[in-house]
Amino acid sequence: RSYTHQEKAWQRLVSQPGASNTIVATGTGSGKTECFLYPVLDHCSRALKAGGRGVKALVIYPMNALATDQARRFAETIAATPAFGGLRVGLFIGGNVGVPGSGMVMSPTSVITDRETLRKTPPDVLLTNYKMLDYLLLRPKDRQLWARNSPTTLRYVVVDELHTFDGAQGTDLALLLRRLRARLQVPA
């Protein structure tokens, strides 16, 4: 069963005919993640079936711990929903990158974490934080991650816990999103 705020968010975020900019402000534990999770995965699934390649959705988290926790939720939702079969989600955050040879494929409880795998075959959904997004736009070795994107491929940018991005951090994020738009040549 869904909450009213989730249904309203789904109506605004469905990609056909076109998603609307949306801010969800509700209490802790009220299902904010589900507000964007299902529309994003639905869009990515339809785009993938139509032959779409590249990063279709970007989810930015303020902390690695939150990104890691949410990665598990993405994996579990994909595994439990046959319509989402074949979707690939990647987690690209700083810190320990894991054991070599691990994190190369999705499982029912984990997403792709191997950086070289993510570069060579970009995921449909990329989970990261704003500091790592900066690196992903600057480092030459990470350009592969965006190579399969056309100006219309990336359709969703989700900023989780938006209220934490205030002051200088908020300015950094705004400029990063402008750089991302310029890198992908997304029309204004």
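Are Tyr-130 and Phe-165 buried or exposed? In this predicted model, both Tyr-130 and Phe-165 are buried, and the two residues also form an aromatic pair of the edge-to-face kind, with 5.6 Å from centre to centre and 90° between the planes. Tyr-130 belongs to helix α5 (residues 130-138), whereas Phe-165 sits in the loop between β4 (156-159) and α6 (167-184), so the pair ties together parts that are 35 residues apart in sequence.

**Aromatic pairs**

A pair of aromatic rings is described by the distance of the centres and the angle of the planes. Searching the whole structure gives 3 aromatic pairs. One of them joins Phe-36 and Phe-74, whose ring centres are 6.5 Å apart and whose planes meet at 40°, so this pair is tilted. The pair links distant parts of the chain, since Phe-36 is in helix α2 (residues 32-49) and Phe-74 is in helix α3 (residues 64-80), 38 residues apart. Phe-36 has a relative accessibility of 8% and therefore counts as buried, the cut-off being under 20%; Phe-74, at 0%, counts as buried because it falls under that cut-off as well.

**The sheet**

What order do the strands of the open sheet have? The 4 strands follow the order β2-β3-β1-β4, with parallel pairing, and the edge strands are β2 and β4, each of which pairs on one side only. On average, and with direction ignored, neighbouring strands of this sheet are turned by 15° against each other. The pairings are set out below, each with a pair of facing residues.

| Strands | Sense | Bridges | Partner residues |
|---|---|---|---|
| β1 and β3 | parallel | 5 bridges | Leu-58 and Leu-126 |
| β1 and β4 | parallel | 4 bridges | Ile-60 and Val-159 |

Helix α3, which holds Phe-74, packs on the sheet and touches β1, β2 and β3, and its direction makes about 165° with that of β3.

Strand β1 is mostly covered, with 5 of its 5 residues buried. In a regular strand the side chains alternate between the two faces of the sheet. In β1, Ala-57, Val-59 and Tyr-61 point one way, while Leu-58 and Ile-60 point the other way, and all of these residues are buried.

In soluble globular proteins, nonpolar side chains tend to be buried together. The largest nonpolar core here has 27 residues, and Phe-74, Val-125 and Leu-127 are the ones that touch the most other members. Two or more residues of this core come from each of α1 (4-13), α2, β1 (57-61), α3, β2 (89-92), β3 (125-129) and β4.

Which residues does Leu-127 touch, not counting those up to four places away in sequence? Its contacts include Val-59 and Tyr-61, both of which point one way from β1, and also Val-89, Gly-90, Leu-91 and Phe-92. Ala-67, Gln-70, Ala-71 and Phe-74 are likewise touched by Leu-127.

Key. Residues are numbered from 1 along each chain as its sequence is written. This is a predicted model: local features need pLDDT of at least 70, side-chain atom pairs count only at pLDDT 80 or more; totals for chains, interfaces and linings use all residues. Side-chain values use heavy atoms; hydrogens and water are left out. Rings of Phe, Tyr and Trp (its six-membered ring) pair if their centres lie within 6.5 Å; planes under 30 degrees apart count as stacked, over 60 as edge-to-face and the rest as tilted. Buried means under 20% relative accessible area, exposed over 50%, partly exposed in between (1.4 Å probe, protein chains only). A nonpolar core is a set of buried Ala, Val, Leu, Ile, Met, Phe, Trp, Tyr and Cys residues joined through side-chain atoms within 4.5 Å. Contact means heavy atoms within 4.5 Å. Two strands pair if DSSP finds at least two bridges between them. Axes are lines fitted to C-alpha atoms, for helices over the stretch in contact, and angles run from 0 to 180 degrees between N-to-C directions.
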